[in-house]
Amino acid sequence: MNSNSLDNQRAETQEKFSLSKFPYQILEIVFNFVERLTSYVLAVSLFSTGVAGLVASLFALYYADAIDLTLSPELMLFLKIAITTLWVLNIIELGGLHRLGFSGVGSTVVTLNKLISTGENKKISENYGKDELRKIYDSLNNYPLFNAINLSTWIFVLVLIAFPVSIYLDGFKWSLIGLICTLGVIAIFIAICFCYILGEAITGKTREECKRMMAEKNISYSERSVFTVRIKLILFNSLFVVNLFLSNSLTYFNRDELQKVIHFSGLAVIISILIAHAIFKLIYNSLKQIENAAYDLMKGGTGQIYTRTLDVEFVNVAKGMNEAAKTILEYQHGLEEKVNERTKELNLALQELKEKDEIMDMELNFAADIQKGIIPSRLDPWNGLHFAAYYSPMGKVSGDYYDVFKFPNHCFVLLADVSGHGVPAALVTMMAKQAFSSIIEEHLSPDEIFRKVNTTLVERVTTSDYLSAFFLKIDSRNRIIYSNAAHPKAVHYVSSKNEFLLLDTEGMFVGSFLEANDHYENRETKLNAGDRFFLYTDGILEHKNMQGDEFGMDRFLNCLDKYKDESLEMQIQHTIRELRAHIGSAPIKDDISMIALELQPAWTKFIDIYNSGVKLLKKHNLDEALSVLQEAYKLIPSYISLNFQLALVNFHLGNYTKAEEMILKFLYERPKDKSGLQLAINIYSKLEKQQKVEQFLNILKEVAPEEVKSLA
């Protein structure tokens with residue numbers, strides 16, 4: 001509990017002996033003045049013993065007047081001297097000479113006068129240790145009862161002295177003796193009531209301060225009780241009954257002088273009200289302490305009660321609440337420790353997870369880089385075919401995969417989509433890449449390749465993962481053989497008819513089960529100048545917007561038609577842009593991939609020019625053949641055979657450097673072509689680059705040994 005909440009609790013619970021409001025402010029000033037002038041005990045006694053003595057004296061005087069008690073002047077003088085003497089002795093006993101070095105009589109009085117600072121807001125010094133605080137605590141507990149017994153003793157002594165003196169001065173009178181005894185009993189009874197109750201109330205604040213200080217310094221103490229609320233109420237009721245009895249008696253004996261009876265009854269009522277106020281003020285303050293402690297506990301404080309009262313009921317309640325509050329605080333502390341411990345463990349676990357996540361993220365980035373390596377970074381034209389692609393994984397790695405495999409006379413185009421997402425799909429993609437790359441041969445058809453790859457993946461992939469795929473085989477005359485393995489249908493844009501065709505075949509997933517081998521089939525089509533062919537994954541068709549509407553085939557075909565006059569790259573980009581606009585803020589739930597190819601619109605013109613150039617070359621019209629072939633090269637430079645024809649015509653014209661450039665381009669695409677190798681050997685012979693001649697001779701020996709012999 002911090003100091004602020006402690007000060008707040010003190011401000012709420014400490015009520016200054018009812019000195020917070022007028023006229024109690026005046027009493028506070030008087031109390032502090034007497035305390036500074038004399039001692040703490042005498043100041044307390046002024047408001048307890050003094051009030052009790054004054055009330056008892058007034059009660060006795062009014063009662064004596066009501067019954068017409070007449071005393072001789074000598075006895076009255078003696079009583080005045082005796083009462084004055086007893087008051088002086090009582091003042092000295094309670095510390096009236098404390099400032100002169102005499103702190104009073106009795107350990108209770110001396111301890112309180114010496115250890116309690118007078119005139120200070122805090123009566124007890126913060127520097128006191130265990131011994132001093134325990135002495136103060138015991139003395140404060142003893143003081144109310146000591147105060148009541150002390151005053152009643154002085155009254156009893158006065159009564160004892162008054163007996164012989166009254167007999168000596170006024171003679172032996174039973175009525176006088178009886179009246180003195182009655183006045184003594186009444187005075188003692190009133191003195192005990194007022195002395196104890198007021199003494200307990202006035203010292204309550206200091207008692208609370210002492211308990212709190214001991215608790216803060218971890219000094220153990222036991223709660224003590226002297227009276228009970230029941231006994232106090234009995235005293236009050238007894239006083240009320242006595243007043244009622246005496247009033248009725250006086251009424252009976254003073255029927256002719258009721259004014260005296262009324263005066264006495266008024267005094268009795270005032271006394272009863274005073275004692276009732278003191279008792280119920282103590283009870284109210286105790287209940288207020290309990291309320292404040294409960295509220296403090298509710299706000300997260302200690303909830304401790306440092307009782308001012310000495311009543312057993314409130315002491316027991318305070319003990320119970322303090323123990324309960326202590327148990328709650330211990331439980332809270334234990335709970336906080338457990339929470340802190342668990343929080344520490346969670347933080348460590350989170351740190352470990354973070355480190356693992358960083359490692360995993362780094363590994364995923366590494367895996368993504370590896371996977372990007374299996375996706376062609378550029379797609380060069382082939383024999384008049386132009387390629388464009390789009391690839392967007394949902395996460396760092398993808399289950400989509402596309403590739404282009406080029407051979408001398410054929411080109412294969414593949415688009416595959418592995419089931420699932422993330423790392424497992426990416427691993428299957430890597431295996432599929434390896435399987436297709438190792439199995440594809442130029443003489444195989446798409447369905448044959450599917451069967452071989454399916455068998456390989458069924459044997460190697462032990463999980464339930466599989467893939468769908470669409471496979472094209474394109475020859476140098478732009479004829480296409482295609483096969484579909486449970487993949488979305490391909491789209492063929494026929495430029496001459498300005499229409500989109502959906503192409504499909506029978507076929508099942510690759511890598512799922514061997515029985516799928518019985519279902520793969522081929523179909524054929526042909527590309528003409530300006531035709532386009534689109535392969536895509538279901539991530540394009542199946543993505544939904546926030547309303548749950550799929551992009552779908554209709555929107556996809558509309559986009560392709562809308563942008564058919566754009567370049568192939570721009571057509572794909574605009575289509576993907578509209579797809580993402582359709583998705584909006586909806587989540588991306590699949591990889592998105594597409595690969596497309598186009599037979600260049602100038603293809604028909606190119607073929608005519610190319611064939612003319614070849615005919616001119618065969619007729620040895622070399623200059624004209626070179627001019628025509630160069631015109632064809634400007635239209636479609638990717639046509640492989642054109643490089644060979646240009647190399648050949650430049651060789652015959654003696655342009656050996658240009659011939660070298662063109663034959664190297666040709667051999668890059670067809671490294672084992674016999675005619676190309678023979679031409680390269682002849683070119684390098686003319687250039688007198690013997691090392692190159694030997695290099696290509698060695699290659700030709702591997703490809704066609706008989707050709708090397710003929711050259712020799």
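Two strands are taken to pair if DSSP finds at least two bridges between them; helices (H or I, at least four residues) and strands (E, at least two) are DSSP runs, numbered from the N terminus. In strand β8, Lys 526 stands opposite Arg 479. Strand β5 (residues 479–485) and β8 run antiparallel and are joined by four bridges.

The model is predicted, so that local features need pLDDT of at least 70 and side-chain atom pairs count only at pLDDT 80 or more, while totals for chains, interfaces and linings use all residues. Residues are numbered from 1 along each chain as its sequence is written, and side-chain values use heavy atoms, with hydrogens and water left out. The pLDDT (the predictor's confidence in each residue, from 0 to 100) averages 81 for the protein, and 84% of the residues score at least 70. Over residues 1–20 the pLDDT is below 50. Where pLDDT is low, the predicted coordinates should not be read in detail.

The open sheet consists of five strands in the order β2-β3-β4-β5-β8, with antiparallel pairing. Strands β2 (400–406) and β8 (523–526) are the edges, each pairing on one side only.

Helices α19 (residues 640–653) and α20 (residues 656–669) pack with their axes 8 Å apart, at an angle of about 155°. Axes are lines fitted to C-alpha atoms, for helices over the stretch in contact, and angles run from 0 to 180 degrees between N-to-C directions. This angle makes α19 roughly antiparallel to α20 (over 145 degrees). Residues of α19 in contact (heavy atoms within 4.5 Å) with α20 include Phe 644 and Phe 651.

Key:
Parallel < 35°, antiparallel > 145°, perpendicular 65-115°, else oblique.
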